[in-house]
Amino acid sequence: MTEALSTHLLPGPWRLTLVTNPDDCNLSCDMCPTGALPPAVRPRRMDPALALSVLEERSGSPLRQVIPSTRGEPLLWAGMDTLLAACERHRLRVNLTTNGTFPGRGPEAWGQALLPLATDVKISWNGARPATAERIMAGLSFAAALEALRRFLLVRDGVAASTGWRATVSFQVTVQEGNVEELPELVRLAALLGVDRVKLNHVQPWLPYLAARSLRRTAAAIARFNAAAAGALASAAETPRTGGGRVLVENGAPLAPDPASPAPRGPCRFAGREAFIHWDGQLSPCPHPLASRGELGQFGSVGHTTLGELWAAPAFADFVAGVPQHPVCASCPFRRPGGA
């Protein structure tokens with residue numbers, strides 16, 4: 001597959017997230033709804049035919065990239081092979097986040113399936129030391145994850161050598177009190193392994209007990225994050241990455257010391273640019289948790305009409321136009337400066 005952008009005529013998103021299987025995971029991280037909440041009696045799983053119908057309808061549109069799920073473990077979804085084949089057929093790239101256990105097939109087989117199509121594969125990685133990583137990601141074996149990652153990176157390099165296409169592999173870190181001091185060490189680990197990027201995401205206190213882990217909650221917590229992030233950036237600058245270059249550290253800019261306003265808000269990166277289709281076909285304009293509950297508005301389902309029609313509908317257009325004034329959007333943590 002070669003990278004290409006279509007000369008599109010249809011309106012619509014450049015990137016599409018399909019929330020394929022939000023209740024399926026083989027780990028139990030208590031900072032994630034999949035691991036923290038009781039198992040669903042009827043796990044929510046997208047019908048692969050629904051995903052395929054959306055991609056077919058989007059042919060000739062601006063769509064360039066597909067994200068399978070953002071909650072749960074997407075590699076457990078039974079429709080993944082079908083989705084990857086459709087992405088290759090429609091010349092779409094894949095952007096995927098996995099917990100790094102590579103369930104069912106192992107890192108080589110999943111690497112061969114994903115890496116020729118992927119722009120980036122993010123591995124949830126929450127500690128530089130075994131005890132830290134295993135405490136935050138319950139059920140993880142750090143040693144097994146490390147070995148699997150080494151094997152996955154070898155596939156990345158082999159695919160690049162044989163095809164000329166090189167996907168990036170990133171660490172996605174949920175920064176919190178339990179791992180913040182390890183950020184510089186974690187970046188050095190990434191460099192040693194040949195990981196391309198370390199993306200820092202603050203823990204979202206969607207449950208009361210997570211508030212105590214947030215590094216945005218007090219001036220002292222913010223100071224700890226700022227010191228650790230500065231150390232991470234220094235580690236990236238000082239540590240050559242195996243394979244060449246330096247590890248990119250994303251979201252490492254210092255926060256302001258005021259917990260009420262720790263970071264200035266940038267433009268919304270999602271509304272009017274990306275689409276989020278939930279397991280049952282419902283459209284959301286962004287990944288905010290309230291959007292998945294319909295609290296930003298009701299925008300319809302691709303099970304009943306096309307994404308193109310929903311995108312052009314007055315309800316969606318009015319929401320996009322009103323984003324700067326919407327009370328949820330005004331305080332949204334995803335609105336980072338320069339996020340466009």
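Reply: Let us begin with Ser 214, which in this predicted model sits in the loop between strand S6 (197-202) and helix H8 (219-238).

Me: Why is Ser 214 called buried?

Reply: The relative accessibility of Ser 214 is 7%, and buried means under 20%, so Ser 214 counts as buried.

Me: What makes the approach of the Ser 214 side chain to the backbone nitrogen of Arg 216 a polar contact?

Reply: The side chain of Ser 214 reaches that nitrogen of Arg 216 at 3.1 Å, and the cut-off for such a pair of N or O atoms is within 3.5 Å. Setting aside residues up to four places away in sequence, Ser 214 also touches Val 203 and Ala 221.

Me: Which residues have the most contacts inside the largest nonpolar core?

Reply: That core has 95 residues, and those with the most contacts inside it are Leu 16, Leu 55, Leu 83, Trp 125, Leu 149, Phe 171 and Val 198. Helix H6 (residues 142-163) gives the largest share of this core, nine residues. When neighbours within four places in sequence are left aside, Leu 149 is in contact with residues including Ile 123, Trp 125, Val 169 and Phe 171.

Me: How do you know what kind of residues line the largest cavity?

Reply: The largest cavity holds about 90 Å³ of space, and its lining is made up of 13 residues, with Cys 268, Cys 286, His 288, Cys 329 and Cys 332 nearest its centre. Cys counts as nonpolar, and the whole lining divides into 11 nonpolar residues, one polar and one charged.

Technical notes
Residues are numbered from 1 along each chain as its sequence is written. This is a predicted model: local features need pLDDT of at least 70, side-chain atom pairs count only at pLDDT 80 or more; totals for chains, interfaces and linings use all residues. Side-chain values use heavy atoms; hydrogens and water are left out. On a 1 Å grid over the protein atoms alone, a cavity is a set of points where a 1.4 Å probe fits but cannot get out, and a pocket is an open set with protein on both sides within 12 Å along at least five of seven lines; lining residues have an atom within 4 Å of a point. Grid points are joined across faces, edges and corners, and a volume is the space filled by probe spheres set on the points. A nonpolar core is a set of buried Ala, Val, Leu, Ile, Met, Phe, Trp, Tyr and Cys residues joined through side-chain atoms within 4.5 Å. Buried means under 20% relative accessible area, exposed over 50%, partly exposed in between (1.4 Å probe, protein chains only). Helices (H or I, at least four residues) and strands (E, at least two) are DSSP runs, numbered from the N terminus. Contact means heavy atoms within 4.5 Å. A polar contact is a pair of N or O atoms within 3.5 Å; within protein, one must be able to donate a hydrogen and the other to accept it, and residues adjacent in sequence count only if both atoms are side-chain atoms.
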